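Student: I have a model open and would like to go through it piece by piece. Can we start with the overall layout and then move to single residues?

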Amino acid sequence: MRFILDNKGFTLAEVLIAIAIFAIAVIGLAAMSGNAMRGLDSAKKLFVAINLAQAKLEALKLVPYANLEVSQTDGSITRTCTPAPSLVCETTFTCTPSNSPTGCTPGVNCVHENPTTINAVNYTWSWTVVIPEIDGIAGCSSSGDGLKRITMTVAWTDTFGSRTAILTTLRAK
């Protein structure tokens, strides 16, 4: 009887080592895909928040310039604005929309509801109005130089914790 010694093929040890390396690579990819999915979800929520902030800034264009920091309803936004302490020569107001604006049913027909629920996520929004002193000629005044800086803040919570998106614009008289 004659045995043919052929060195073609892999030994059992080589196959087991290759499978172990492959398994480690697959486990690493699986772990990264979970992080990628959470990151994608967070990015979608950020996109929604930025669009919401932009929409609310656009809605504030309907509010007369003189009333941006006044507690009342106009431009379909019911709001409460309070002066905020400022360390510099500018006047600052913090404004929060009403949770149940007049004439609407929350969750049904409220255009500027706060919090705003989009895709089962609650986004709260508010803004500050700063009347900056730009030219420095008049000293500190509450009338400013005909500009108001509006900063819209949208906050929400996702798998990474509490998040905020902030947009700022200037509005002239």
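Predicted model: local features only at pLDDT ≥ 70, side-chain atom pairs only at ≥ 80, totals over all residues.

Student: What is the average pLDDT of the protein chain?

Tutor: The average is 81, and 77% of the residues score at least 70; pLDDT is the predictor's confidence in each residue, from 0 to 100.

Student: How much of the chain is buried?

Tutor: Of its 173 residues, 30% count as buried. Buried means under 20% relative accessible area, exposed means over 50%, and partly exposed is in between, with a 1.4 Å probe and protein chains only.

Student: On to the helix. What does H1 reach from end to end?

Tutor: H1 covers residues 12–60, which is 49 residues, and spans 72 Å from its first C-alpha to its last, close to the 72 Å expected at 1.5 Å a residue. The expected span is 1.5 Å times one less than the number of residues.

Student: Which of its residues are buried?

Tutor: The buried residues of H1 are Ser42, Lys45, Val48, Ala49, Leu52, Ala53, Lys56, Leu57, Ala59 and Leu60. An α-helix has 3.6 residues a turn, so residues three or four places apart point the same way.

Student: What covers them?

Tutor: The cover includes strands E2 (77–84), E4 (116–118), E5 (121–132), E6 (147–158) and E7 (161–172).

Student: Which members of the largest nonpolar core touch the most others?

Tutor: Leu60, Tyr123, Trp127, Met152 and Val154, out of 22 residues in that core. H1, E2, E5 and E6 each give two or more residues to the core, and the largest share, seven residues, comes from H1. A nonpolar core here is a set of buried Ala, Val, Leu, Ile, Met, Phe, Trp, Tyr and Cys residues joined through side-chain atoms within 4.5 Å.

Student: What does valine 154 contact?

Tutor: Leaving aside neighbours within four places in sequence, its contacts include Ala49, Leu52 and Ala53, as well as Tyr123 and Arg163.

Student: Change of topic: how many disulfides are there?

Tutor: One, counting a pair of cysteine sulfur atoms within 2.5 Å as a disulfide. Cysteine 81 and cysteine 95 form this disulfide, with their sulfur atoms 2.2 Å apart. Cysteine 81 lies in strand E2 and cysteine 95 in strand E3 (residues 90–97), so the pair ties together parts that are 14 residues apart in sequence.

Student: What about its handedness, and why?

Tutor: The torsion about the S-S bond is about 115 degrees, so the disulfide is right-handed.

Student: Are those cysteines buried or exposed?

Tutor: Cysteine 81 is buried at 10% relative accessibility, and cysteine 95 is buried at 0%.

Student: Where is aspartate 158, and what does its side chain reach?

Tutor: Aspartate 158 is in strand E6, and its side chain reaches the backbone nitrogen of phenylalanine 160 at 2.9 Å. A polar contact is a pair of N or O atoms within 3.5 Å; within protein, one must be able to donate a hydrogen and the other to accept it, and residues adjacent in sequence count only if both atoms are side-chain atoms. Aspartate 158 counts as buried because its relative accessibility is 9%.

Student: Last one: where does asparagine 119 lie, and what is its phi?

Tutor: Asparagine 119 lies in the loop between E4 and E5 and has a positive phi of about 50 degrees although it is not a glycine. Asparagine 119 counts as exposed, at 68% relative accessibility.

Methods:
Residues numbered from 1 in each chain as written. Heavy atoms only, no water. Helix = DSSP H or I, 4+ residues; strand = E, 2+ residues; numbered from the N terminus. Contact = heavy atoms within 4.5 Å.
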